[in-house]
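I opened the notebook to write down what I looked up in this structure.

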Amino acid sequence: MSTDTQTTPRPEEHPIAPYLRMDRMPHIWCPTCGIGTIVKCFATALGEAEVDLDKTAIVSGIGCTGRVAGYMNLDAFHATHGRAIPFATGLKLGRPELEVVVFSGDGDLSGIGGNHFIHAARRNMDLLVILVNNFIYGMTGGQNAPTTPETARSSTMPFGNFEHPFNLPHLAASCGATFVSRWTCLHIRRLTKCIRTALGRKGFRFIEVIAPCSTLYSRLNRLGSGLDLLKFYHDNSEIKHGADTRELDIAYQDHFICGNFLDEERPTFLEQMHAHYTKTLGDRFMPMKPEGGWIHD
Amino acid sequence: MRNWRIPLDVDKVKVPVGRVVIIADRCKGCAFCVEYCPKDVLVLSEGFNKKGYHPPEVVKNGECVNCNLCEMICPDFAIFCVPEDGAEAAAEGGTN
Amino acid sequence: MKADPAGVLTGVHYLDGDYACGEGAMAAGCRFVAGYPITPSTEVVERISRRFPTMGGTFIQMEDELASMAAVAGGVWTGTKCMTVTSGPGFSLMMENIGLATMMEAPCVVVNVQRGGPSTGLPTMVGQADMMQARWGSHGDYELIALCPQSPQEAFDLTIEAFNLSETWRVPVMFMMDECVGHMTEKVVIPPADEIDIVPRVLTDKKPGEYQPYAVNGRPVPENVRAGDGYRFHTTGLTHDERGYPDMSVGCQEGVHRLIDKIRLNADQIVRYEEEDIEGAEVVVVAYGITARVTRAGIDLARAQGVKVGFMRLIVVWPFPETRIRELAGSIKAFVVPEINYGQMVLEVERCAGGKAPAVLVPHGGGGVHDPEVICKAIVEAAR
């Protein structure tokens with residue numbers, strides 16, 4: 001079934017395998033779900049950014065995207081619904097040298113986890129947050145999410161959604177995030193580059209990635225398969241770097257904007273803490289070591 | 001895409017040749033690779049894999065340019081490209 | 001291991017229970033605290049926020065109690081000892097993530113300075129009505145450990161004990177103070193660091209690749225690991241196998257069973273109580289926290305009336321000292337259980353007494369402590 005000119009030995013495994021827990025493949029995501037593609041982009045970016053994988057931790061919440069941590073070959077944590085960001089905060093503050101990535105879904109991070117999202121952004125907590133937005137609560141059967149566009153159907157809005165959804169890049173930026181982007185899972189190379197760039201930055205970095213949910217969002221709204229949604233993204237997305245985040249609302253099956261909107265430097269929570277205590281306590285200040293607060297003989 | 005001007009170094013640049021490797025049993029038949037391969041090298045096969053999906057197969061032998069788009073877009077880590085041996089040797093000679 | 005001197009404020013102090021608890025945590029080696037203000041517990045974190053920057057600790061006031069407990073559940077995986085502090089309403093909010101910590105086997109301490117409830121209740125006044133919640137508050141099957149100090153000195157000493165127990169059994173430990181003990185100021189003696197024994201976080205000596213996060217090999221608890229050391233481990237709140245991977249099979253429910261057994265089958269090593277005059281007693285009074293101190297006055301009054309009264313003070317409240325209660329039930333007339341609630345630990349006493357001796361509740365609403373006369377009356381009645 002594959003080309004086989006037999007000139008070079010056939011490599012047995014996918015090049016991304018070292019970044020994944022291959023003993024758990026195949027993964028649980030549906031055919032034509034976009035999450036796997038985003039995981040591929042993330043893993044590629046990890047390799048290209050040359051981060052120390054031993055010092056990179058990933059935290060996911062609950063939901064389809066919440067399963068990402070379980071498939072990554074990193075120190076991986078599957079926390080409770082909505083609490084990936086504070087869990088990750090604990091990891092980061094307990095061992096500051098860790099690079100902590102939060103990889104979770106729209107319902108998890110902006111619904112139940114909304115409070116934690118805005119405060120971590122406000123504090124410029126040094127976390128990379130990759131939010132997969134499929135506009136629905138997929139894992140639990142297709143309920144309305146804070147990102148579901150107006151008029152879209154879901155299992156708890158069977159006559160169409162009448163709530164106005166979040167504009168996530170705007171939310172993140174207005175709360176204090178220093179790196180804000182939006183891509184779709186179709187923009188594989190730009191997304192990879194965006195993640196790679198983000199891995200080299202500090203502070204609260206937020207990347208929204210729009211992905212198809214074939215089994216719930218797409219089916220409940222009769223939008224076809226994930227491939228049909230990818231074609232929709234192809235025809236209806238516009239790349240507009242540096243756009244004003246106020247313009248980034250997403251209406252139902254309508255033209256939308258993606259790109260890199262914000263990339264600035266501001267002191268992170270720990271940097272501010274250190275600077276402040278150095279100023280106010282002088283020599284008495286003893287910060288936690290980057291290796292963390294583990295006390296041992 | 002039609003070149004309206006022939007590039008000056010056209011005889012120095014060698015278009016890469018790639019070989020597609022498909023891990024058929026991991027495929028879920030989503031057809032992303034088939035749709036987005038820039039050289040239309042793939043189609044969904046008639047046959048089935050272990051799970052009953054139609055994995056892709058290469059129908060245009062030798063046309064793969066090792067762009068790795070299929071590798072990037074596949075959500076199931078079931079397809080990737082490697083440079084074809086002959087292409088590697090030619091590329092080495094062809095650079096700078 | 002001995003305590004890290006950076007966290008030990010050696011000396012003779014005049015501290016309230018909240019401050020003493022904070023000092024105990026720092027002496028025990030706690031270096032990450034995530035909290036949210038709630039009366040009457042706020043002083044614990046206020047103290048910690050002031051002292052932590054001088055000893056390599058990090059305190060963060062999170063946006064709510066859910067975040068605080070989640071941050072603790074995460075921080076534990078850096079090898080750091082972690083704690084959070086709250087009262088009734090916050091305790092309720094923390095329950096889901098306490099369950100996460102028990103499922104992940106994350107050693108940590110949760111301080112609940114109890115106040116009158118239910119709901120917003122009596123924010124500035126004493127209660128002891130969260131005792132059952134400490135044991136049963138989160139959903140699902142699990143066991144954990146809870147301690148109850150009766151004085152600021154004990155708030156210091158037992159906080160260290162709480163951390164030690166949490167490390168030994170890899171379980172969240174609930175530190176059930178009450179507002180009276182928390183806001184009472186008394187002499188607290190903090191010894192030199194080399195006189196304080198602490199149980200450190202012991203990390204596995206297995207190599208990455210050999211190590212499995214939940215393999216026990218016959219021991220009650222698995223070996224600890226730290227994020228950032230190259231182990232690439234996975235942990236989850238889902239039922240999981242030895243690799244920490246989610247698993248829904250019947251076999252993996254054995255993992256949940258082990259979480260229960262590690263406390264239940266080792267309860268004898270964990271249980272702690274203090275007894276006075278049990279020999280030949282007709283009535284045994286069982287009390288904890290501030291009520292224990294009031295009870296002694298009540299007992300003295302009853303003894304003056306000729307009743308032979310024994311006193312059992314609960315220090316480790318969960319696991320409950322079932323064996324001892326069962327033992328005593330056969331040889332006494334009754335148990336008397338005064339508590340600042342309408343009947344919580346008395347239910348355990350009654351259950352364990354197995355009908356051999358009645359367990360008489362002396363309730364008290366939140367907001368104040370018992371009148372020793374009332375306790376005396378109950379003891380005298382029970383002795384008849």
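I read chain B along its sequence and wrote down the pattern β-α-β-β-α-β-α. I keep in mind that this is a predicted model.

Next I looked up burial in chain B. Of its 96 residues, 43% are buried. Among contacts with a separation of 6 or more, 63% are between residues 24 or more positions apart.

I then turned to chains A and C. How many residues of chain A are in contact with chain C? I found 42 residues of chain A in contact with 47 residues of chain C. On the chain A side, the elements that give two or more residues are strand E2 (75-78), helix H3 (84-94), helix H5 (114-122) and helix H10 (269-281). Which of them gives the most? H3(A) does, with eight residues. I sorted the side of chain A that touches chain C by class and got 19 nonpolar, 13 polar and ten charged residues.

My last entry is on strand pairing across the two chains. E2(A) is joined to strand E10 (residues 234-236) of chain C by three bridges, and the two strands run parallel. I looked up one residue here, Phe77(A), and its bridge partner in E10(C) is Thr235(C).

Definitions and conventions
Residues numbered from 1 in each chain as written. Chains lettered and ligands numbered in written order. Predicted model: local features only at pLDDT ≥ 70, side-chain atom pairs only at ≥ 80, totals over all residues. Contact = placed C-beta atoms within 7 Å. Helix = DSSP H or I, 4+ residues; strand = E, 2+ residues; numbered from the N terminus. Nonpolar A, V, L, I, M, F, W, Y, C, P; charged D, E, K, R; others polar. Pairing = 2+ DSSP bridges. Buried ≥ 20, exposed ≤ 12 C-beta atoms within 10 Å, placed from the backbone.
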